[in-house]
Amino acid sequence: RSNVLYSYVVSLADRYNTDKNPRMFRSSLGTEVDMTSVEGSTYQGYVLDESGVFAVMLNQLVSGDFSAVGAVWLSKGGSLTGESDIGDTYLELSLESQHLWYYVDGVCVTETDVVTGQPDKGYATPSGMYFVRQLYTDYRMYYPDGAADCSYFISVTPDGVGIHDATWKDAFGGTLYQTQGSHGCVNVPLAKAQEIFESLEG
């Protein structure tokens, strides 16, 4: 009988897992983007702990406890409903348009032109889906060819890519990333970096 129970748990995972499943995201530019995880992404969406749920259900059946069993997740997304699973508060970046949007509870509260990594130097900003990992103020960034300081650093990837102010730039957007691109980070104006940082911090 336990194999029937385990098959049922697997069917729940097939129904509710979102990681590795195609899910669509309607971008701020009006296009539909496939949100399937890519290599390096830290945001995985919902993944049910099949073994954990199975063990709890089996123990309850053996003990005669027929109360409801809550889902046990190995990872969670923002929402199990809607077209995507990221929820209503997120940062959206278009590498092609060199633009960033910040949504809070489904409302775009700020947006800005950006400068991303310079591809021809091997510093292209990675695509994918990422959690905001950590927030730093008065942060020093080290590179193979030097260092730079910023006031607000929003860490995004495990290998050091983030969103930060770049007061040494006097322009953002367009094709600047091709000739004046970063080492992979997303450069934004100081006021925008502060606004986004303080909202995330709150």
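Which residues are exposed on the other side of helix 1?

Mentor: Happy to! This is a predicted model, so local features need pLDDT of at least 70 and side-chain atom pairs count only at pLDDT 80 or more, while totals for chains, interfaces and linings use all residues. Residues are numbered from 1 along each chain as its sequence is written, and side-chain values use heavy atoms, with hydrogens and water left out.

The exposed residues you ask for are Asn3, Val4, Asp14 and Arg15; exposed means over 50% relative accessible area, buried under 20%, and partly exposed in between, with a 1.4 Å probe and protein chains only. Helix 1 itself covers residues 2-16, and its 15 residues reach 21 Å from first C-alpha to last, close to the 21 Å expected at 1.5 Å a residue. That expected span is 1.5 Å times one less than the number of residues, and helices (H or I, at least four residues) and strands (E, at least two) are DSSP runs numbered from the N terminus.

Buried in helix 1 are Leu5, Val9, Leu12 and Ala13. Because they cover an arc of only 100° around the axis, they sit on the same side of helix 1; the arc is taken from the directions from the helix axis to the C-beta atoms. An α-helix has 3.6 residues a turn, so residues three or four places apart point the same way. The partners of these buried residues are strand 3 (47-48) and helix 2 (50-63), against which they pack; contact here means heavy atoms within 4.5 Å.

Spanning residues 190-201, its 12 residues reach 16 Å from first C-alpha to last, close to the 16 Å expected at 1.5 Å a residue. Its buried residues are Ala193, Ile196 and Phe197. They too lie on the same side of helix 4, because their arc around the axis is only 100°.
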